[in-house]
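Here is a short walk through a protein model. Keep the sequence and the 3D view side by side as you read.

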Amino acid sequence: AREREATEQRLAESKKRLEAHALARFNQAPSTVVRADWDEKDRQSALAKIAKSAAHFDPRSALTPIIVRSFSARLDPHGLLEQLKRSLGVKLTERELGAMMELFDGDGNGFVEGSEFWIQFLKIGKETRDAAEAANLAAERRRKTVVRAFCEDRRRAMVAKAKAAAEAERSAARGGVASARAAMSGGAAHD
């Protein structure tokens with residue numbers, strides 16, 4: 001019985017420590033720093049990360065309502081950073097976050113509204129998909145041009161080869177007729 005009481009007491013103390021730790025973390029002020037000294041490289045890097053996620057975002061997915069709800073609240077920089085990481089798998093640096101706050105905070109109030117986020121996010125996704133499709137179409141056109149050029153070169157080579165063979169055949173035939181005539185004329189002279 002004493003062992004059981006000692007175990008229960010250790011568990012109760014452990015539970016209190018865990019609760020105190022969780023409460024301290026919960027009440028802790030967010031430690032996210034938004035850097036205002038970002039540059040175009042930071043902006044492009046952040047956009048590339050978000051574009052990758054946005055291009056693959058499927059609004060018909062079963063998870064979409066959950067993700068949309070996670071961005072429906074008014075998000076401070078820390079909230080935006082956390083939601084990007086948790087919901088979309090996008091991890092930004094402090095400088096990249098500064099660049100994205102400027103992009104997503106359309107009204108400049110220091111918060112990202114859900115509508116501000118989704119408008120930009122979906123726009124980035126569409127632009128990324130359109131650019132990829134344009135690149136694929138351009139590559140396909142280049143491939144077709146190369147194939148056409150190759151086929152045309154092969155056709156020309158085959159035509160030239162056929163003409164050369166026909167000319168050789170005609171020459172041989174003319175040569176054969178000439179030698180036959182020569183043989184006939186030479187043979188007639190001997191008779």
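Phe121 has a relative accessible area of 0%, so this residue is buried. The model is predicted. Trp118 is buried as well, because its relative accessibility of 12% falls under the 20% cut-off. The rings of Trp118 and Phe121 form an edge-to-face pair, with 5.4 Å centre to centre and 90° between the planes. Both sit in helix α6, three residues apart, which means about one helical turn separates them.

Trp118 has another partner. Its pair with Phe57 is tilted, at 5.4 Å centre to centre and 40° between the planes. Phe57 lies in the loop between α2 and α3 (64-70), and Trp118 in helix α6, so this pair ties together parts that are 61 residues apart in sequence. Phe57 is buried too.

Now turn to the nonpolar core. The largest one has 25 residues. Phe71, Leu80, Leu84, Leu88 and Phe117 have the most contacts inside it. Helices α2 (40-55), α4 (77-88), α5 and α6 each supply at least two residues of this core. Beyond four places away in sequence, Leu80 touches Phe71, Leu75, Leu97, Met101, Phe104, Val112 and Phe117.

Asp105 is in the loop between α5 (94-104) and α6 (114-190). Asp105 is buried, yet has no salt bridge. The nearest side chain of opposite charge, Arg74, is 7.7 Å away.

Terms used:
Residues numbered from 1 in each chain as written. Predicted model: local features only at pLDDT ≥ 70, side-chain atom pairs only at ≥ 80, totals over all residues. Heavy atoms only, no water. Helix = DSSP H or I, 4+ residues; strand = E, 2+ residues; numbered from the N terminus. Buried < 20%, exposed > 50% of the residue type's maximum accessible area, 1.4 Å probe, protein only. Lys, Arg positive; Asp, Glu negative; His and termini not counted. Salt bridge = Lys/Arg side-chain N within 4 Å of Asp/Glu carboxyl O. Core = buried A, V, L, I, M, F, W, Y, C linked by side-chain atoms within 4.5 Å. Contact = heavy atoms within 4.5 Å. Phe/Tyr/Trp six-rings, centres within 6.5 Å; stacked < 30°, edge-to-face > 60°.
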